[in-house]
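Visitor: Could you walk me through this one? I'd like to start with charges and rings, and then move on from there.

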Amino acid sequence: MPSSPAESLLGEWYERSARDLPWRRPDAGAWAILVSEVMLQQTPVARVLPVYQTWLRRWPTPSALAREQVGEAVRLWGRLGYPRRARRLWLAASAIDAEFDGSVPSTYEALRSLPGVGDYTAAAVAAFAHRRRTVILDTNVRRVLTRLFGGAEYPPPGLSAAERRVADHHIPDDGAEAARWSIALMELGALVCTARRPRCGECPVRDLCTWRSRGYPAYDGPPRRSQSYAGTDRQCRGRILSLLRDREGPVSQEEVNMVWKETAQLERALASLICDGLVVDSGGGAVALP
């Protein structure tokens, strides 16, 4: 049974309004949930869906991915952005295959031991795949909890111990109920309690919202970072990876030079890709996916 009015109202809203996403269906296993959580980091659902589906058709288990070269994971990652995540998934799959007999572990601590799996991802997989009571604090959850219980428009730039205490205080004790509470908070933040244009009239917990009761005070904390892409090293790295994904073998330095006009930035971006293990030096100035 719901332990609070907020849990009850939010749970009823989620049952009515939640999007039908493959990683939320009853037949989605722990590996599918792990893949989705990594792909969804800083990436919209619409962009994730086709890559997620293709990924699981090709690598339905961690062991299937572990048998591949890491370059194939980077290739299939395509244009999702932040391609280090592809390598992290490959490393996690290799560890699962070698250390956990090919089965995604069920506890937060074991999940956290996997390479490239951080606090949020470990908590999310433990909750959604294994119904463990874990505190899940992604961007959407932090914003909703801050407005609902803290009375502010946005949370502070960095996750604080106080935020974690508030989240732990309000999460249900039962693992299954805790998982539903967390996914409902995430969905509310994605669809209704959005960062820039919250639709408060549609919010199921608007009458309990401290931010609303205080008259929607504007954020007065440190400046919030806005992400740019055009002209950045990230864009340059993306151009290089796009070129390599379209080739089966090494690509010459001359061809790489054609994707970006700023030589110093191109060299810096290529060096960082090699350092991250996303590109390898094939000799003679040529480079390739690993």
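Visitor: Which ring does the charged end of R234 sit over?
Guide: In this predicted model, the charged end of R234 is placed over the ring of Y82, at 4.3 Å from the ring centre.

Visitor: And where in the chain does Y82 lie?
Guide: Y82 belongs to the loop between α5 and α6 (84–99), and with a relative accessible area of 22% Y82 is partly exposed.

Visitor: What about the backbone there, what is phi of Y82?
Guide: Phi of Y82 is near 45 degrees, a positive value in a residue other than glycine. Most residues other than glycine have a negative phi. Y216 also has a positive phi, near 55 degrees; Y216 lies in the loop between α12 (210–213) and α13 and, at 36% relative accessibility, is partly exposed.

Visitor: Back to R234: which residues lie nearest the centre of the second largest pocket?
Guide: R234 is one of them, together with G81, Y229, R237 and G238, out of a lining of 20 residues. The volume of the second largest pocket is about 430 Å³.

Visitor: Which helix gives the largest share of that lining?
Guide: Helix α13 (residues 233–245) does, contributing nine residues to the lining of the second largest pocket.

Visitor: Changing topic, how many aromatic pairs does the structure hold?
Guide: There are five aromatic pairs. One of them joins W23 and Y52, which are edge-to-face with 5.0 Å from centre to centre and 80 degrees between the planes.

Visitor: Why does that pair tie together parts that are apart in sequence?
Guide: W23 lies in the loop between α1 (5–17) and α2 (30–39), whereas Y52 lies in helix α3 (residues 45–58), so the pair ties together parts that are 29 residues apart in sequence.

Visitor: Are those two buried or exposed?
Guide: W23 is buried, with a relative accessible area of 8%, and Y52 is buried too, at 4%.

Visitor: And why is the pair of W55 and W77 edge-to-face?
Guide: Their ring planes stand at 80 degrees, with the centres 5.8 Å apart, so the pair counts as edge-to-face, given that the cut-off for that class is over 60 degrees. The pair links distant parts of the chain, with W55 in helix α3 and W77 in helix α5 (residues 70–77), 22 residues apart. W55 is buried, with a relative accessible area of 0%, and W77 is likewise buried, at 0%.

Visitor: Which residues form one aromatic cluster?
Guide: W55, W59 and W77 form one aromatic cluster.

Definitions and conventions
Residues numbered from 1 in each chain as written. Predicted model: local features only at pLDDT ≥ 70, side-chain atom pairs only at ≥ 80, totals over all residues. Heavy atoms only, no water. Phe/Tyr/Trp six-rings, centres within 6.5 Å; stacked < 30°, edge-to-face > 60°. Helix = DSSP H or I, 4+ residues; strand = E, 2+ residues; numbered from the N terminus. Buried < 20%, exposed > 50% of the residue type's maximum accessible area, 1.4 Å probe, protein only. Lys NZ or Arg CZ within 6 Å of the ring centre and 35° of its normal. 1 Å grid on protein atoms, 1.4 Å probe; cavity = no way out; pocket = protein on both sides within 12 Å on 5 of 7 lines; lining within 4 Å. Points joined across faces, edges and corners; volume = space filled by probe spheres on them.
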